[in-house]
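Here are some exercises to work through with the model open beside you. Try each task before reading its solution.

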Protein chains: 2
Amino acid sequence: MNAFLQACRAAIGAAHVLTEPADTAGYLTDQRGRYTGRAVAVLRPADTAETAAIVRLCAQYRVPVVPQGGNTGLVLGSVPDQGGTAAVLSLRRLNRIRAVDPVNNTMTVEAGCVLQTVQQEAAAAARLFPLSLAAEGSCTIGGNLSTNAGGTGVLRYGNTRELCLGLEVVTAQGEVMSSLKGLRKDNTGYDLRDLFIGAEGTLGVITAAVLKLFPQPRAQVTALAALKTPAQALRLLNLAQSRCGPALTGFELMSDFCLQLVAKHFTDQRPPFAQRHAQYVLLELSDSESEEHARGIFEDVIGNALEQGIIDDAVIASSIAQSKSLWQLRENISMAQAHEGKNIKHDISVPISRIAEFIEVTDKLVQQASPACRMVTFGHLGDGNLHYNVSPPEGVADTEFIRQQHAINLVVHDSVDRFGGSISAEHGLGALKREEITRYKSPVELALMRTIKQALDPHNLMNPGKVI
Amino acid sequence: MNAFLQACRAAIGAAHVLTEPADTAGYLTDQRGRYTGRAVAVLRPADTAETAAIVRLCAQYRVPVVPQGGNTGLVLGSVPDQGGTAAVLSLRRLNRIRAVDPVNNTMTVEAGCVLQTVQQEAAAAARLFPLSLAAEGSCTIGGNLSTNAGGTGVLRYGNTRELCLGLEVVTAQGEVMSSLKGLRKDNTGYDLRDLFIGAEGTLGVITAAVLKLFPQPRAQVTALAALKTPAQALRLLNLAQSRCGPALTGFELMSDFCLQLVAKHFTDQRPPFAQRHAQYVLLELSDSESEEHARGIFEDVIGNALEQGIIDDAVIASSIAQSKSLWQLRENISMAQAHEGKNIKHDISVPISRIAEFIEVTDKLVQQASPACRMVTFGHLGDGNLHYNVSPPEGVADTEFIRQQHAINLVVHDSVDRFGGSISAEHGLGALKREEITRYKSPVELALMRTIKQALDPHNLMNPGKVI
């Protein structure tokens, strides 16, 4: 192992080969603090050539590689296992914006760029990079690509996959595949790009990408609607999409209990209605015309929805401040739930048309399995994606409750499967769901995945123990 | 071979194992009539199970498989070679619409459904399936997916790849991968879907797909702008995108010579301007509000463009009939060029920001290589995709001119390469560009493609001689 570390020092400089516990600690524990792995070193190359050199050394010395961006993942995809033989390959120093082309509406960035920086650089060129998610201040675009991150803009702009036109990748053999052309159309062979996107670093290391940019909307308007059931929320979605078309950029469902939790732990934050309602939907409209025009459309949608008895009440934010406070209700749910204590999280999707029935059926099953537990159901209804979380019953210690995690996961995920859904809509598999997915994915798909993994990474050195 | 055919007859019925020349002829010659291959039989299974049975027999007897949809491809991807040992696997009998889900905005269709049928079924459910291209009356959705077809709606809706949420595929081993969940988000492993999309049948056979549907726009308005240069067209694109956002659904460039050809061969079809202009742009706006609103936006865009000197004249279609006649100018260019005689076609893309310079530079190079030849340049400017076609000089016999095809391809494609572009933007590689691509694609990418092909189809039976 000393020879390997010596060679790494020669390749990227001794200062960037971290082996002291004080230096490596921040790279070994996952974001939620649930797991700490061990590594032979944390390697911090400066650029693509150094990254390739490191991967070649790892191949030569048969050292497993764990690529890592901002280490904000939720499924233990970016931390090493307990073996202590792996090297963490941190991409954070690859943080250059290589090019911005506002006419081509593209931006070429290195993997270690923080998502918020990418958003800001796009805005500086009067363009929009629409990927937006809770960890945007610290997650990196390489991690976003490797996990095909979702977030709140998927309804209109798609997942990270849809926002990428090309990649630069270091293969498991340490070769550089540079495909950074930034073309909207290129039908010259297999879609290698989408194979590396979402592969969570198990097929190669993404070092740079060409991202799609969009015109900035002239106005963004937010509304909050109060209604009785997820089924009514679906009717509202249909109405809003038909009236707004692609201008509808956000559609988030939140149950009353979610907002009670927010109000409890953030005392100034509560829905702006005189009475409580069973469900709420946050809508966002991005308009290329004007604020007045956007408000007109929302007034129309809300007027229609009230008339048809789909919703019971609604507000349209009258200022940026009010819009922000409506979004805070949504964004603080996870934090409020964490303040309330440990809980069991699910990141699931089902066909949008089945989501209301899914909630009804699964709520009952969970209550049978764990009576009086509290459902914290919210998420990207417009994408069929719910964060279907479960908190312990009032008064039950969360450590005791967490013991039921496996049983409750099984109830929820079996139900997801019966509804034709996915047990990981936007977080990926990582190490956390790698075993579990074998229960739900068909043998043919699993075999194809193994064949591809074996072909591209025959020595199983790229993020082993993750995904497959 | 008799044993193989006997087994095929047992599997799908003798009536669907075609071996008589009169029966097989329509499956062996490509759409443009340039090439006729040979096959041991044309096999027409009725459904996915029969397709899998056929592929298993082909694997067992080592018979190469050439999957075929509507056989409208332009790169010899769907016809067999001269060997006479391959079987054409026609998917046309797999033509059921399995499901339409307007709430999930999805439609599950079999590979043999004709694109126009898919469009019509979507419309019957008050939804839009936006893929649209010249061959839509006879091409099949399986072929569209296998070639990742483009067309006129890519600017807003993306290529076929972006319109698909899931696939059913028969693997090279004759197993069925069924992944027809219709989810907007599913991060549970490698993106097998996008690997089969665009693989031109070389990795497996697509038998069904879940397609994305969209709300139907309330109004569609067409405009034609007259301007001086492709560079001005780019300025117009930027202006229109910033004003229209995603409502801008079409942006097609046509040179004056293109429209002269149309006027010559379709005498009633000419641009509605008093004088000739060097370039024209066809714009389409799809509005979720109203025709009046859409016209207002276009008037605004055109007013601004006139004021800024970007365009010299413009009309907004005042009726559906006028809108159709503007679109006919664009759609009849290929036909007019064919009436004019044989020509050399290129389907290229470059970054949108470089397209004006590309045309200027490449026009000169082509003129040096073949003086006085006539450039027929038109296409999807909003996607950076040009049909950069070349007709012989006035008075030169086209057969003589066609002898220069290889030399002119080299000039054009080398220039595309220098501009960071693609030599096949939307048509694929097939057999036609399979050799040529090795000149332009990096060794690392080609090696990755070969590794994947070898892993998924180790006996090289799936559409051999195509793509790779």
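**Exercise 1.** In what order do the 4 strands of the open sheet in chain A lie, and with what pairing?

*Solution.* A word on the ground rules: this is a predicted model, in which local features need pLDDT of at least 70 and side-chain atom pairs count only at pLDDT 80 or more, while totals for chains, interfaces and linings use all residues. Residues are numbered from 1 along each chain as its sequence is written, chains are lettered from A and ligands numbered from 1 in the order in which they are written, and side-chain values use heavy atoms, leaving out hydrogens and water.

Step 1: The order is 1-2-4-3, and the pairing is mixed. Strands here are DSSP runs of E, at least two residues long, and helices are runs of H or I of at least four, both numbered from the N terminus. Two strands pair if DSSP finds at least two bridges between them.

Step 2: Strand 1 (17–18) and strand 3 (65–68) of chain A are at the edges with a single partner strand each, so one side of each has no neighbour in the sheet.

Step 3: Strand 2 (residues 41–43) and strand 4 (residues 87–90) of chain A run parallel, joined by 3 bridges. One to find is A:L43, whose bridge partner in strand 4 is A:L89.

**Exercise 2.** Describe helix 15 (residues 405–418) of chain B.

*Solution.* Step 1: Its 14 residues reach 20 Å from first C-alpha to last, close to the 20 Å expected at 1.5 Å a residue (1.5 Å times one less than the number of residues).

Step 1: The buried residues of helix 15 include B:I408, B:V412 and B:V416. Their cover includes helix 13 (355–369) and strand 18 (385–391) of chain B, with contact meaning heavy atoms within 4.5 Å.

Step 2: After helix 15 of chain B comes B:G420, with a positive phi near 70°.

Key:
Buried < 20%, exposed > 50% of the residue type's maximum accessible area, 1.4 Å probe, protein only.
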